[in-house]
Amino acid sequence: MNENQKKMLGNIIISAVLFIAALIMKKMSYIYKDGELHILTGFYMALFAASYIVVGFPVLKKAFYNIRKGRVFDENFLMGVATIGAFGLREFAEGVAVMLFYTVGEFFQSMAVNKSRKAINELMDIRPDSANLKSDDGSVRTVDPYDVNIGDIIVVKPGERIPLDGQVIKGESMLDTSALTGEPVLRRASSGDNVLSGSINTDGVIDIEVTKEFSDSTASRILDMVENAASKKSASENFITKFAVVYTPLVVGAALIIAILFPLFDPGHNFLLWLSRALTFLVVSCPCALVISIPLSFFGGVGASSRLGVLVKGSNYLEALAKTEIAVFDKTGTLTEGVFEVTEIIPDEKSGILDEKGLLETAAYAEYYSSHPIALSIKKAYIRYRHENGLDESIDETRLSDIKEISGRGLNVKLDKKNVLVGNAGLMKKYSIFEKEPDTQPGTVYVAVDGQYGGCIVISDRIKKDSPYAVSELKKLGIKHTVMLTGDGINTAKSVGEEIGIDEVHAGLLPGDKLDRLEELLEKKQKDKNLVFVGDGINDAPVLARADIGIAMGGLGSDAAIEAADIVIMTDEPSKLAVGIRLARRTIKIANQNIVMALGIKILVLILAVFGIANMWWAVFADVGVTVLAIFNSMRNLNIKSYCQD
Amino acid sequence: MKRMLKLEGLDCADCAAKLENRIKALDGVVNAGINFITLKCSVEALDKDMEDVLEKVVKLINAEHPEIKVKRA
């Protein structure tokens, strides 16, 4: 409880005691009505006045201040008018009670806001506010992390959070990165490993050489992003902002009509009756419940999803994500590991000129100067083979000569004076090694020596373990249309697509084609639904930008991806898309619940007030009571443990 | 460039929204936002105007809401 709240609570207690005393006196004054105790009437009136002043004074003071600033439609002012109006109608007890009850409501509201602020702060508490700086002489002192420079050495003890990004130079430990990725797994970090701020050091002491300043470090960047997300408002938030502007004048206008026009048409011309009903309107005239709870729901959603490893850069994107209809994935690096590996080495048994080792060696030599990912994977496999067999890992360049590249097909080199061809099936056909193209996968490299076929090496990109799960999760969420875009040949693409369970595969695409395909898909979707594109954020910036929602994967450490995307998935799991969609839907659900509840109760009370059923007590509940309920409902969105159950 | 202010004692969401609009309307302010939950107010302005703009913003907040303590964050 802060100072303000303590003062409020004190006022409430004093006012309540005075109010109860006044009520008792009032009852007694009825008993002694004709007796000698007339003085009691004056006495309880004084007590009511005192009770009112204790809670009403701060409200009236604010109202007075706001009127001087020209703010007439101010909650405090309207509450003042309503209660003083009640006094004018000689409903002293009710006037005091409304002000007292209103203050109690404000108190609870303030407590609820504080509670949610605290919960958000806990959620966002991933950045330490001190660092242990090690000086050249080995002594360690605690400093403000803003004062740590690149190249400085910091010490992180067990149980501490890493304040700045850097590289471990001494020690070894298990790091808990769950605050960044949402995964409760520990990662080992030892000398030479890069570590990110926001991770918790769980066991050993480590020395870190700082590679990024505090404000550029991962934890700071995540916090900035989450805080800035609130400035990109969702449609619901914009609606509430606009609604808030017209709501109060509208309700006050209605109150005036009720007070002035209704009695004219009322056969009894009972001005006082209609005035009291109009005053009830004034109490319900604050849109506070919505103004507080809707942004809180969205901010909570953005905060919670960041803790689950999905960084959303604006409330509007969270809202859009809930309405996903088509999910488009890039293949390489998103659904697959993006690392090519030799998976099979098949020497040709008929010719028998090369064995497994010879085949790999020939191919590795031929590809020696190439930096194509397939060439790299063959060289890697060859070096690993030599390493495993205890052989020298270097390649003897003198064995190579006459290197010719045959564009788009492969290479023709001389190795140990023999003529070697290494490349795709097209190359083999061109040099008449095959009569017709064999029926194999496109990721296959063929080798021929002196015009004789020697065998082939199969290279493929491994599918991520998480990918089939990602697609099945999307299906569970009702997203029926999943698409994969790739530059690979149709055979590989189809088999990958089938294994993952994707609905539609577009293969053989050049980078420009991806954008065209996306345009076609955008045409197909329903107007009010969205298309999500998930890519690695490096090669597909235009596609990311064109999609309704662009999502970059593996965003940790990649500035380009964070810049280009609307949402950043911090791990390399495509299934996080489903996590994000679930949270987005929960957020929308909670926001809608609050809108319906707050407006519903307010409108109901207004209608009942016109018919004289709802009095000012109801109205106070519809004002502050509903606000407190809405805040508590919004706070459910901060709970990251329960997100799956929604 | 962008600067952050902390608005301690901001306790009314409705006023926060109104205050945000008043700040946005100030001369030299490119964009501004108040986050009622984190109590932070972001002010964007051109580098050369920044100090003047911040001064104006603080003055406005002090005048409109004397209960708010403005701190630079």
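Among contacts in chain A between residues at least 6 apart in sequence, what percentage join residues at least 24 apart? The figure is 66%, where a contact means that the C-beta atoms of two residues, placed from the backbone, lie within 7 Å.

Before going on, some housekeeping. This is a predicted model, in which local features need pLDDT of at least 70 and side-chain atom pairs count only at pLDDT 80 or more, while totals for chains, interfaces and linings use all residues. Residues are numbered from 1 along each chain as its sequence is written, and chains are lettered from A and ligands numbered from 1 in the order in which they are written.

I will start with chain A. Its secondary structure comes to 22 helices and 22 strands, counted as DSSP runs numbered from the N terminus, with helices being H or I of at least four residues and strands being E of at least two. Chain A is more spread out than a compact globule, because its radius of gyration is 36 Å, well over the 26 Å that the globule rule gives for 646 residues. That radius is taken over C-alpha atoms, and the rule is 2.2 Å times the number of residues to the power 0.38. Along the principal axes, the C-alpha atoms of chain A fill a box of roughly 130 × 70 × 40 Å. Of its 646 residues, 44% count as buried, meaning that 20 or more other C-beta atoms, placed from the backbone, lie within 10 Å of the residue's own.

Now chain B. It has two helices and four strands, in the order β-α-β-β-α-β from the N terminus on. Its radius of gyration is 11 Å, which agrees with the value near 11 Å for a compact globule of 73 residues. The C-alpha atoms take up a box of roughly 30 × 20 × 20 Å along the principal axes, and 37% of the 73 residues are buried. An unreviewed UniProt entry lists residues 1-69 of chain B as "domain: HMA"; such annotations may be inferred rather than shown by experiment. The span is 39% helix and 30% strand.

Last, helix 1 of chain B. Which of its residues are buried? They are A13(B), C15(B), A16(B), L19(B) and I23(B). These cover an arc of only 145 degrees around the axis, so they sit on the same side of helix 1 of chain B; the arc is that of the directions from the helix axis to the C-beta atoms. What covers them includes helix 10 (288-307) of chain A, along with strand 2 (29-35), strand 3 (40-45) and helix 2 (50-64) of chain B.

Notes:
Buried ≥ 20, exposed ≤ 12 C-beta atoms within 10 Å, placed from the backbone.
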